[in-house]
Structure formats: structure tokens, C-alpha cells
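Hi,

Here is the structure we talked about, ready for you to open.

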Amino acid sequence: MKAISIKEPGGPEVLRWTEVEDPSPAAGEVVVDVVASALNRADVAQRLGLYPVPPGASPYPGLEVSGRISAVGEGVTGHQVGDEVCALLAGGGYAQKVAVPAGQLLTIPRGIDLVEAAALPEAVATVWSNIVMTGHLKKGETFLMHGGAGGIGTMAIQIAKALGARVVTTVGGPEKAAVVRELGADLAIDHLTEDFTVHGPYDVILDVVGGRYLERNVQSLALDGRLVVIGLQDGLEGQLNLADLVFKRKSVHGTTLRSRPAEQKAAIVAEVRKHVWPMIESGAVRQVVDRTLPMSEAAEAHRLLDTGRHIGKILLVNDTPSS
């Protein structure tokens, strides 16, 4: 088969479409013939050499796919060859085939195209695990999403709105502000011209930026507010007023999804299947796809992602059959 390998840390040009060994399913796994995968910021971090591959994971980037099961490992029940699925991965999605623990598989929601289903697993699992399972967002609370026009942001806005929260998001520019309002955001703050802290307080903040945002995030939390940091686009360090944190009972959580054990991912996937799939099938939540490119053009897709001008997900589609 072919997969996108990373020759060495660097820019998009280090991504190469090369012949590699086919995966085979271990006990409890299936092999999926990949129809499509989706880009995530973690893929960029891996490309740059800043995100080590978890032990035992595929060395190829790609944290979510859609496709058809082509092989079933020992002990797997409820899945068979030919089933159409999407899946949450620890890696390996930029390929023609990938081995997946059965607990990380999801059926395709009714009414969703198989290609576009690749935009769902990582975004939905990230959002649900962080704003609900960690952040405990409740109906009537105010939720702030940084970077609302991205793949995570467009999904978080819709899920938070479906849960009954008031939704605020930061975006870069009026075009993105219009998109997030259409998705349900009650307030879109252009971070190029406005300070998000003046629109607080917020009960839950989901932050993909990190760095200098830490102090302002905590400052703008409500009493008993929860900050969940899942990205470090602005760097690894920030200041923190501990008195503000302690006396107003605020909390800061740092999480990542990729390196969690398979059993934890399976539990998150089960929650997604139970709570989010009905939102998608009813039309309350939809995937937002900026564009699709051939898998062999992953480097160009990364160049587009690096510009930050996309809205929603960028998908990679296999245009050649697996061998």
C-alpha cells in the first residue's frame, strides 16, 4: 500500500507519498481500507517534530478516517468485512489502509456521505471529551471557543449550542465571524481587533492557543469556571494568577486525546455514539468541510492548513485503490 511518510521534521515538503508495508489486524483490531482522512493540528506538530508518535502507534500522520473494513482480527465482534465505518486513530490515517482497535470504530451517521464522515471522529471525540466529560458544560452556561472557524471550533460551537449553552467564539476576520454565527454562535469576537475578556465571564473555555492566552483565559472565567487547554499554537508558557484561581474556585485542565490508552478512547467513542450521533442524524450538528484533495497531495493540504485561511476541515481522499 501507499502512505504519507515524514522524511524528516520540517515544512509540508517533507511529506512523501511512498510504498510501505500493509498493516494486519492484531487481536481486537480491524483493518480499514481508507476512503478519506482529515487534517488536524496534531498532524502539523508531528510533521514539525514537536509531537512524538505514541508507543505502538503508526508512524504515519492522520488521526481519523472513513472507509470500509477489509480484515477482522481475532476476538472482534459486531463488525465484518465490507462494513462502512469512520474511526478515531492514534496515527496512520494518511494511508490506503490502517489498523484500528475495534472500540474506536463508529458507524457512519445516517445521511452522512462516506467521504465527509472522515471529518467527524477526531473533532467530535475531542469536543465531547473536553467540554462535557472534562469541562462539564451545562445548559444555560456560557461557553467560549477559541478558533471557532477551525475543524474543532466549528464542531464545538454546534455541540455546545445543542447542549443549551450560550456560545461565544474568537475568529480572525469578518468572513469567519459570519460562518460561526451561521453555525449558532451567539457572539463572534474578531481577535484581531477585540479583547475576548471584556465579553466574559465564561463558565467553560476550550483553548487551542495556549501561551499568552493562559492569563487572560483564567481572568475571564466565572466563579467555578473551567478552562480546558488542548493546543499550544502560541507556545508552551503563560502566566497564572493563583489567587484568582484559588479564591474564585477556577480550574485549569490540560488534555490530549491521541496518547490516551485504547480503553479510554473506546469510552469516549461510546459517549460520542450515544450522545452526539443523534445530534448529527437530526441535523442539529453537521460537519464543515473546507475542501478535499487527493491523499497524494497531503503536502499541499498542509500548506493550506498552515495559512489558517480554511474554514472547517480539510480532507484527503484516496483516489487510487489500495494494493
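Below is what I found, starting with how to read the model.

This is a predicted model, in which local features need pLDDT of at least 70 and side-chain atom pairs count only at pLDDT 80 or more, while totals for chains, interfaces and linings use all residues. Residues are numbered from 1 along each chain as its sequence is written, and side-chain values use heavy atoms, with hydrogens and water left out.

First, a helix pair. Helix 2 (residues 121–134) packs against helix 7 (residues 262–275) at an angle of about 90°, and their axes are 9 Å apart. That makes helix 2 roughly perpendicular to helix 7 (the term covers 65 to 115 degrees; under 35 is roughly parallel, over 145 roughly antiparallel, and the rest oblique). Axes here are lines fitted to C-alpha atoms over the stretch in contact, with angles from 0 to 180 degrees between N-to-C directions. Helices are DSSP runs of H or I with at least four residues, and strands are runs of E with at least two, numbered from the N terminus.

On the helix 2 side, V124, A125, W128, S129 and M133 meet I268, E271, V272 and H275 of helix 7 (contact means heavy atoms within 4.5 Å). By class, that contact has six nonpolar, two polar and one charged residues. Helix 2 is mostly covered, with 13 of its 14 residues buried (under 20% relative accessible area; exposed is over 50%, partly exposed in between, using a 1.4 Å probe and protein chains only). Just after helix 2, H136 has a positive phi of about 55°.

Next, L315, which is in strand 15 (residues 313–317). L315 is buried, at a relative accessible area of 0%. Leaving out residues up to four places away in sequence, L315 touches S37, A38, V115, E116, A118, A119, V289, R291, T292 and L293.

Now the rings. The structure has one aromatic pair: F196 and Y213, with ring centres 5.5 Å apart and planes at 35°, so the pair is tilted (centres must lie within 6.5 Å; planes under 30 degrees apart are stacked, over 60 edge-to-face, and the rest tilted). F196 is in the loop between strand 10 (187–190) and strand 11 (202–207), and Y213 is in helix 5 (residues 213–219), 17 residues apart. Both F196 and Y213 are buried.

Y213 also has the charged end of R216 over its ring, 4.9 Å from the centre (for Arg, CZ within 6 Å of the ring centre and within 35 degrees of the ring normal; for Lys, NZ). Likewise, the charged end of R258 sits over the ring of Y51, 5.2 Å from its centre.

Cheers

Key. Nonpolar A, V, L, I, M, F, W, Y, C, P; charged D, E, K, R; others polar. Phe/Tyr/Trp six-rings, centres within 6.5 Å; stacked < 30°, edge-to-face > 60°.
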